[in-house]
Amino acid sequence: MLPRASRVSKSLFLEFLKKGRVFNSPHVSCRVVMTPGEQRFSVVVLKGVAKAAVDRNKIRRRGYGLIKKNIYLIPKDNSVIFFINKKIGIKELEKGFLILISKLKTKT
């Protein structure tokens, strides 16, 4: 899990949804906002992916783990919200994250 200072707060979340650039991969999508001087992240698991909160939280924690593992690949001064759209294994989830990170590098 990432420290609270590295996560997107509730107050910034709606701003990200309005102003963020959207990138998609088959199982994961993201919104990116330029935030000079800081880098923040959030992972959202849609309720359609898993009905039980326990399952959604487990997937969300795996997402934060992937961010922590690959944080050096994400361009600086970008804050990102990842949306997990389908229930998939950890290997496919990591593949989706890496696809989005490569798109972030080329487009920003």
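1. In this predicted model, E15 and K19 form a salt bridge, with 3.9 Å between the closest N and O atoms. Both residues belong to helix α1, which spans residues 10-19, and they sit four residues apart, about one turn of the helix. E15 is partly exposed at 36% relative accessibility, whereas K19 is exposed at 60%.

2. The structure holds three salt bridges. Another of them joins K69 to E94, and here the closest N and O atoms are 3.0 Å apart.

3. E38 is partly exposed, with a relative accessible area of 34%. R40 is buried, at 18%.

4. E38 has a further contact through its backbone. The backbone oxygen of E38 lies 3.0 Å from a polar atom of the T35 side chain. T35 is placed in the loop between β2 and β3 and counts as buried, with 12% relative accessibility.

5. G37 is in the loop between β2 (28-34) and β3 (41-45). What is the accessibility class of G37, buried or exposed? At 73% relative accessibility, G37 is exposed, so it falls in the class over 50%. The C-alpha atoms of G37 and N24 are 25 Å apart in space, for a sequence separation of 13 residues.

6. D77 deserves a look at its backbone. Its phi is near 65°, a positive value in a residue other than glycine. D77 is located in the loop between α2 and β4, the latter covering 78-84. The residue is partly exposed, with a relative accessible area of 33%.

7. Which residues form the positive surface patch? They are K58, R61, R62 and K87. K58 is in helix α2, residues 53-69, and is partly exposed at 42% relative accessible area.

Key: Residues numbered from 1 in each chain as written. Predicted model: local features only at pLDDT ≥ 70, side-chain atom pairs only at ≥ 80, totals over all residues. Heavy atoms only, no water. Patch = residues over 30% accessible without salt bridge, like charges linked within 9 Å, V, L, I, M, F, W, Y side chains within 5 Å. Areas by Shrake-Rupley, 256 points an atom, 1.4 Å probe, with all protein chains shown as cover. Salt bridge = Lys/Arg side-chain N within 4 Å of Asp/Glu carboxyl O. Lys, Arg positive; Asp, Glu negative; His and termini not counted. Charge placed at Lys NZ, Arg CZ, Asp CG, Glu CD. Helix = DSSP H or I, 4+ residues; strand = E, 2+ residues; numbered from the N terminus. Buried < 20%, exposed > 50% of the residue type's maximum accessible area, 1.4 Å probe, protein only. Polar contact = N/O pair within 3.5 Å; in protein donor to acceptor, adjacent residues only side chain to side chain.
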